[in-house]
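Hi,

Here is the structure I promised to pass on. Have a look at it first, and my notes follow below.

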Amino acid sequence: MSYYDEHAEEYCAATIDADMSFCRDKFMACLPAGAHILDAGCGSGRDSKAFMDNGFAVTAMDASEKMCTEAKKLLRQDVLQISFEKMNFQNEFDGIWACASLLHVAKNWSYVKI
């Protein structure tokens, strides 16, 4: 996470305009209106904002403190600083979005309880 903490502003600037609508649209189509989405590894908050703009409730999280700070600026709501390994959610979400973030999960970590 040190890379993201050290380069959060430049990483966000480089990825904020990436068009992920082709997958976000498919994901949103699988959810009921107003569903609650966990954006796991939200980065800049780009996808969380798109979900919110489409009427979804979003809990955004990232393991990097600086990425959380950047996402909070964009989303104007709290962003949880938590790693995948420390998540302890229980049936709170209708959908989980993890765009380009699961690659940071340790290979020997095999169980997620959400």
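Helices here are DSSP runs of H or I with at least four residues, numbered from the N terminus. Keep in mind that this is a predicted model. With that naming, α3 is followed by Gly55, which has a positive phi, near 90 degrees. The helix itself covers residues 46-53, and its buried residues are Arg46, Asp47, Ser48, Ala50 and Phe51.

Now the overall picture. The protein chain has 4 helices and 4 strands, and from the N terminus they run α-α-β-α-β-α-β-β. Of its 114 residues, 42% count as buried. The chain exposes about 6900 Å², with carbon and sulfur atoms supplying 50% of that. Among contacts between residues at least 6 apart in sequence, 54% join residues at least 24 apart.

The aromatics are the part I'd look at next. There are 4 aromatic pairs. In one of them, Phe27 and Trp97, the ring centres are 5.1 Å apart and the planes sit at 55 degrees, so the pair is tilted. It links distant parts of the chain: Phe27 is in helix α2 and Trp97 in strand β4, 70 residues apart. Both count as buried, Phe27 with a relative accessible area of 16% and Trp97 with 8%.

Trp97 also pairs with Phe51, this time edge-to-face, at 5.4 Å centre to centre and 80 degrees between the planes. Phe51 lies in helix α3 and Trp97 in strand β4, so this pair ties together parts 46 residues apart in sequence. Phe51 is buried too, at a relative accessible area of 0%.

Cheers

Key: Residues are numbered from 1 along each chain as its sequence is written. This is a predicted model: local features need pLDDT of at least 70, side-chain atom pairs count only at pLDDT 80 or more; totals for chains, interfaces and linings use all residues. Side-chain values use heavy atoms; hydrogens and water are left out. Buried means under 20% relative accessible area, exposed over 50%, partly exposed in between (1.4 Å probe, protein chains only). Helices (H or I, at least four residues) and strands (E, at least two) are DSSP runs, numbered from the N terminus. Contact means heavy atoms within 4.5 Å. Accessible areas come from the Shrake-Rupley method with a 1.4 Å probe; for residues, only the protein chains shown count as cover. Rings of Phe, Tyr and Trp (its six-membered ring) pair if their centres lie within 6.5 Å; planes under 30 degrees apart count as stacked, over 60 as edge-to-face and the rest as tilted.
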